[in-house]
Amino acid sequence: MSVIKAEKITYSCPGGRRTGISDVSFEAEKGELTVILGPENSGKTAVVQLLNALALPTEGKLTVCGIETDDKKALRELRKKCTVVFDRQRERFFTATPGDELNFSCRYAGIPKKNVLECTEKAKAFAGISDIEDTDFSLLGEADIIKTAAAVCLVSEPEIIIFDGSTSGLKASEKAGFFNMLKRMTASDIAVILTTTDSNDAVHADRVIVMCEGKKLGEGTAREILSDTELLKKSGSEPPFAVRVYRDLLDADAPLSEIPLTMDELVKEICR
C-alpha cells in the first residue's frame, strides 16, 4: 500500500540556498525501505521538506498517508503520521537525556499520563536506547543520538519515518546497528525513507531513487540501480565498493557472473 504518492512535483528553494526539485514522481510503500541517493545539493533534502509539509510544491500533487500536503487543516495529523530525523538532530532536543526527551515527547503528543510509561518503554526497546536513557546528550555519540531521535518519532506511532542524511556521521561499525533498527521498523509495517550520498547505504533498500540537480534520474530495486554504473556516474554517485571491485576483477578477466552488492556477496562470487 502506497503511503507516499508524488506526482510531477516541482519546488524551488527560496534564495537558491539549496537545490529544489523538478518534475519528480515516485511512490513509497508500507513496510519498505526507500533510499533517495544522490550527491550533495541533488534535491534530497528538498524532497524531505515537501514530504513533511515544511514546504509545498509549486507544481504537481503530493499525497502523504492519504493527506494532500497543502491541506492546512490536516497538517498536525500529517506530521504525526510522517516523522523526520533531521540532520544535526542533537541541536533539536529540548531536554538533557533520552529518557527525559521521550517523556517530553509523550506529553507533547497528548498521550494520557497512565500510558506514558508503556509508550516510552516500547520506544526505548525498539530503538535500543534503554541502557542510555539517563545519559546526558553531551556524552552520547552520533549513533545514540540518531537512535534517540528514532525513539521520539516512534512515540506518535507513525506510518512513515524519514532519516535525512542520518548515516553521514556514523562509523562503519555503527551502521550495522542502524540498519538493523530500520529492519525492525519495516517489519512493523512502517515505511522508512533514507536520504544518503553513499551508495553502500543503498544496498539495504527495497527501492532506490537516484537524484541529481533536482531531477530523478532513475528508480528501481537496489540491485537494478546499484549495478547500473552508467546511471550512477551520470548522477555523480560512485557504485558500492563491492561493485567497483567486481568491475576491476572483470577487467582482469576473472571468471565472475552475478554482480555483488555487498562484500559478502563478492566473496561468495569469487569462491564459486
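Glu133 is partly exposed, with 23% relative accessible area; here, buried means under 20% relative accessible area, exposed means over 50%, and partly exposed covers what lies in between (1.4 Å probe, protein chains only). Its partner is Lys124, and the two side chains meet in a salt bridge, 2.6 Å from N to O. A salt bridge, by the way, is a side-chain nitrogen of Lys or Arg within 4 Å of a carboxyl oxygen of Asp or Glu. This is a predicted model, in which local features need pLDDT of at least 70 and side-chain atom pairs count only at pLDDT 80 or more, while totals for chains, interfaces and linings use all residues. Residues are numbered from 1 along each chain as its sequence is written, and side-chain values use heavy atoms, with hydrogens and water left out.

The structure holds 15 salt bridges. One of them joins Asp23 and Lys8, with the closest N and O atoms 3.8 Å apart. Asp23 lies in strand S2 (residues 21-29) and Lys8 in strand S1 (residues 2-11), so this pair ties together parts that sit 15 residues apart in sequence. Helices (H or I, at least four residues) and strands (E, at least two) are DSSP runs, numbered from the N terminus. Asp23 is partly exposed at 46% relative accessible area, whereas Lys8 counts as exposed at 53%.

Asp201 and Lys175 make another salt bridge, 2.9 Å from N to O. Asp201 belongs to the loop between strand S8 (191-196) and strand S9 (207-212), and Lys175 to helix H6 (residues 172-187), so the pair ties together parts 26 residues apart in sequence. Both Asp201 and Lys175 are buried. Salt bridges can also join up: Glu77, Lys81 and Glu159 are linked in a network of them.

What about the cysteines? The count of disulfides, meaning pairs of cysteine sulfur atoms within 2.5 Å, is zero. For Cys65, the closest cysteine sulfur is in Cys82, 6.0 Å away and too far for a bond. Cys65 counts as buried at 11% relative accessibility, and Cys82 is buried too, at 0%.

Next come the rings. A pair of aromatic rings is described by the distance of the centres and the angle of the planes. Rings of Phe, Tyr and Trp (its six-membered ring) pair if their centres lie within 6.5 Å; planes under 30 degrees apart count as stacked, over 60 as edge-to-face and the rest as tilted. The structure holds four aromatic pairs. In one of them, the rings of Phe94 and Phe104 have centres 5.2 Å apart and planes at 35°, so the pair is tilted. Phe94 sits in the loop between strand S6 (82-85) and helix H3 (98-108), and Phe104 in helix H3, so parts ten residues apart in sequence are tied together. Phe94 counts as exposed at 64%, while Phe104 is partly exposed at 26%.

Phe163 and Phe178 have ring centres 5.4 Å apart and planes at 90°, so this pair is edge-to-face. The two link distant parts of the chain, with Phe163 in strand S7 (residues 160-164) and Phe178 in helix H6, 15 residues apart. Phe163 and Phe178 are both buried, and together with Phe179 they form one aromatic cluster.

Charges turn up over rings as well: this requires NZ of Lys or CZ of Arg within 6 Å of the ring centre and within 35 degrees of the ring normal. The charged end of Arg76 sits over the ring of Tyr108, 5.7 Å from its centre. Arg92 has its charged end over the ring of Phe86, 4.4 Å from the centre.
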